[in-house]
Structure formats: C-alpha cells, structure tokens
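The structure comes first, and the notes follow it.

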Amino acid sequence: MPYRCSRCGGTFCAEHRLPENHDCPGLSEWDDPSGIFESNFDDSVRTEKRRTSGILDSLTSTGGFLGYFRGNMAYLFLAIMWVMFLFEWLVILGMQNGLLPFGTFSALFTLSTQNPLYVWTWVTSVFSHSPFSFYHIVGNSIVLYFFGPPVERYIGSRKFALLFVGAGALAGLSHVGSALILTPGVTTSVLGASGAVFAVLGVLTVLNPGLRIYLYFLIPIPLWLFTFGFAALSVVFFLSPGTAATAGQGNVAHFAHLVGLVIGLAYGQRVKGKRNVPSEMSLGGGMRRGPGGGGRF
C-alpha cells in the first residue's frame, strides 16, 4: 500500500514512508517542532503568519501551481532551452522575411561586448543556443538531464535555480569581460547553458567524485575524470595560439566553461556534508513521484 509523505509530497512504500527513511528534503527545513509538540507561541502570531503567507503557500505547496516545479527545475530549464531554441528560429525567419529588424536576434538572445548592459540577455543567453549547431543544445541538454536532478535533490529546487541561472550569467559576463580586456574593439558574443551546466558538474563532482558515468553511453569513467577532462580541454583551447586573435574565445566560450566550473566547485564545497551524497545516477527528480515531488522550492 503506497504512503504519501506530508513533508515532500512523494509516494513511498511502507518501508520508506517515514521522512528519515527516504532522504526527505523536508528534514533539512523542519525547524518547527509544533508539528509534534505543542509550542508556547501565541496563536494570534501563528494565525497572522498564516494569513500573510497563505497565497505563497497555496502556490508552492504540494498540489499548488508552482508545486509542479518542486524537484523538477532541471526539467523545467531543459524545456525552456528547447522552447527558446524554437523561438530563436522564429526570430531568424522573421528577420529574413523583413518582419523583424536586423539585430533582433543579438538583442534578444546573446550577451555581447556591444550590448553588455542589456541586462535581460544576462538570463536569456543562458537558455539560448546556437541555432546553427544542433550539437550545442543537445550536448548541454544531455548533461542537464542526467546530472541536474541529483544536484537539485541535494540542494533543493530554489537553490538549484539560483545556481544554474546565476552561474550561467556570471560565466557569460566573464567571457564578455575577458574579451573586452584582451581584445578591445573586437565584437564577441556568447550564448548557451554551458557555463551553468559546468557549475552543475562542479557541484556533483565535489559531492561524489567517484560517481561512475558512461562516456558516450559505453565507456565507464569516474565523474571527476569526466569533469576535469573537459576543464583541461577548455584551458588548452583558451590558451591556444590558434585562438589568440580572439583572446582565446574562438567559436566556443572556453573561459565561460571554466568560470562555471569554478563556481560549481566552490558551491559544492560549501554544501558538502549537509545531506547524504547522491550515490548513483538517476533519470529523474521529483517528477518521478508526480506533481509536487520531493524537491524543495
């Protein structure tokens, strides 16, 4: 008989129905003992708190609209990336047919040395990808699909969202900033979730460096080798004389990769040890338990 956890909303068997038996994310936020023991707080204070947070609770609690994103932010970001990819092509077709002015694509989707103060591109560039390189979005999608959910379950959906968007934006800004310093006068732009994805890899690498993954779905290697192998390639290409003309940028934002990885490694060190470390790969987050799954929003 299935049991539903009142803390995270997940459904479990009798053996794992208790929060402590299924690594419930709610345990780390359970600082209100009144759920079991009577408190000495004035009921009027508690009632007022409920009134002010009622709307927010109804949206983010299990069954609420935003409750569908609890534990599923990695999948939500994955969907946004592909919707944005479609939107990019619509904008391109609009420009080709004269429906949109030239430069609309850059103004909407890319963080560039020409428009570093277009603050919306700090975010949109994270979810946009090269429309002429299918590998770009597919590669980032695969990494986010497999590695995003374990990290999200560990740190919670809200912190995962901040990490992904924040690291992606900082990586893009660092890439553009390095171009402004190293190659002034040369237009450089960046788009893609690679910096954010490297941050996710960095966190998971710190949490479980020996986690076995399958390169090209065939070759078993430890996660640390996979992560730092890509990092080493980024360093080599960034410093390569062949890309010196573009300050080591080339067609790939190698510096953005490195910045995202450093952010992920630093954040991984900060949160390591607060909960049980993911010990195996999984193909899903809270979504496998239905709406309002086990992640924290």
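Two strands count as paired if DSSP finds at least two bridges between them. Helices (H or I, at least four residues) and strands (E, at least two) are DSSP runs, numbered from the N terminus. The model is predicted, so to speak plainly about its limits: local features need pLDDT of at least 70, side-chain atom pairs count only at pLDDT 80 or more, and totals for chains, interfaces and linings use all residues. Residues are numbered from 1 along each chain as its sequence is written, and side-chain values use heavy atoms, with hydrogens and water left out.

**The hairpin**

Strand β5 (residues 212-215) pairs with strand β6 (residues 219-222) in the antiparallel sense, over four bridges. Y214 sits opposite P220 in β6. Three residues lie between the strands of this hairpin, and Y216 takes a positive phi near 55°.

**Two helix pairs**

Two packed helices are described by the angle between their axes and the distance between the axes. Axes are lines fitted to C-alpha atoms, for helices over the stretch in contact, and angles run from 0 to 180 degrees between N-to-C directions.

| Pair | Angle | Axes |
|---|---|---|
| α2 (residues 73-96) and α5 | about 165° | 8 Å apart |
| α5 (residues 134-155) and α7 (residues 194-207) | roughly 40° | within 9 Å |

Angles under 35 degrees count as roughly parallel, over 145 as roughly antiparallel, 65 to 115 as roughly perpendicular and the rest as oblique. On that scale α2 and α5 are therefore roughly antiparallel, and α5 and α7 are therefore oblique. A crossing is left-handed if the near helix is turned anticlockwise from the far one by less than a right angle, and right-handed if clockwise. α2 and α5 cross in the right-handed sense.

For contacts (heavy atoms within 4.5 Å), the α2 side includes W82 and F85, and the α5 side includes N140 and E152. By class, this contact has 14 nonpolar, three polar and one charged residues. Here Ala, Val, Leu, Ile, Met, Phe, Trp, Tyr, Cys and Pro count as nonpolar, Asp, Glu, Lys and Arg as charged, and the others, Gly among them, as polar.

α5 passes α7 in a left-handed crossing. Among the residues that meet are H136, N140 and F147 of α5, and S194, V197 and L207 of α7. The contact of α5 with α7 has 11 nonpolar, four polar and no charged residues.
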